Amino acid sequence: MQQVEAIKSEFHRVRAERTVVALTKNGLKARYMEKNEDAVKAALELIPPDAIVGCTGSFSIRQLGLVEMLEKRGNKVVHHWLPGPSPEEDLRLRHEEIGADVLLTSCNAITMDGKIIDIDAAGNRAAGTMFGPGKVIMVAGVNKIALDEEEGLHRARHIAAPLNAIRYSLDTPCVKTGFCSDCRSPQRICKVVLVIERKPSLTDLEVILVGEELGF
């Protein structure tokens with residue numbers, strides 16, 4: 001078993017380090033951390049203690065416990081994952097998230113040729129990733145690495161979207177079939193597609209790739 005894990009770890013490291021090189025060539029800041037705890041430490045070091053931090057609807061960020069750690073440290077953390085907010089309050093929080101000093105987020109796929117791919121429902125995560133916050137920190141597990149844009153979009157549509165639809169208990173075809181059928185369901189979450197090919201001109205975006213699985 002240890003040998004299998006070691007082989008997988010080496011495989012993921014090679015893919016991640018190649019992806020980091022490609023992201024860097026495309027003008028983005030990027031680094032690889034082997035363990036979740038290393039990624040958490042790196043993210044916390046990038047965030048000033050007095051910064052207002054926005055957090056999108058990212059399961060990866062919450063899986064790492066970063067929201068609680070930042071709040072305990074004294075940072076003001078703005079996020080819309082609250083029990084029972086009114087539609088007006090939810091919208092206000094989403095606007096506040098993407099105007100924060102630092103935005104913590106993830107993505108659906110990162111390609112080995114250095115592209116970032118996201119499919120969004122409301123569009124706030126996509127918007128904040130490319131423009132708005134003082135700094136964007138994106139944390140993604142090696143499960144989100146794809147070979148190229150085609151494979152990345154496939155992952156976003158046929159893996160991430162159905163998993164998230166199940167997470168939200170939505171009534172969409174992908175919940176029942178396990179794959180995207182380009183539906184017209186009113187609860188469809190695949191409404192906005194973002195592909196970052198190069199560093200957005202006015203956005204300080206840093207990617208932390210982690211050698212473990214995170215999120216969907």
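Two strands count as paired if DSSP finds at least two bridges between them. The model shown in these views is predicted.

**View 1. An open sheet of four strands.** The strands of this sheet lie in the order S8-S5-S6-S9, and their pairing is mixed. Strand S8 (145–146) and strand S9 (192–196) form the edges, each pairing on one side only. In general, strands of a sheet pair through backbone hydrogen bonds, either parallel or antiparallel.

**View 2. The pairing of strands S5 and S6.** Strand S5 (residues 109–111) runs antiparallel to strand S6 (residues 116–120), and two bridges join the pair. For Ile-110, the bridge partner in S6 is Ile-116.

**View 3. Helix H7 packed on the sheet.** Helix H7 (residues 149–167) touches S5, S6, S8 and S9. The direction of H7 makes about 30 degrees with that of S6.

**View 4. The largest nonpolar core.** This core has 23 residues, and those that touch the most other members are Ile-47, Leu-66, Leu-104, Val-139 and Ile-208. Two or more residues each come from helices H2 (36–46) and H4 (66–73) and from strands S2 (52–55), S4 (102–105), S7 (135–141) and S10 (205–210). Helix H2 gives the most, with five residues. In soluble globular proteins, nonpolar side chains tend to be buried together.

View 5. Leaving aside residues up to four places away in sequence, Leu-104 touches Ile-47, Val-53, Gly-54, Cys-55, Thr-56, Ile-61, Leu-66, Leu-70 and Ile-137.

Notes
Residues are numbered from 1 along each chain as its sequence is written. This is a predicted model: local features need pLDDT of at least 70, side-chain atom pairs count only at pLDDT 80 or more; totals for chains, interfaces and linings use all residues. Side-chain values use heavy atoms; hydrogens and water are left out. Contact means heavy atoms within 4.5 Å. Axes are lines fitted to C-alpha atoms, for helices over the stretch in contact, and angles run from 0 to 180 degrees between N-to-C directions. A nonpolar core is a set of buried Ala, Val, Leu, Ile, Met, Phe, Trp, Tyr and Cys residues joined through side-chain atoms within 4.5 Å. Buried means under 20% relative accessible area, exposed over 50%, partly exposed in between (1.4 Å probe, protein chains only).
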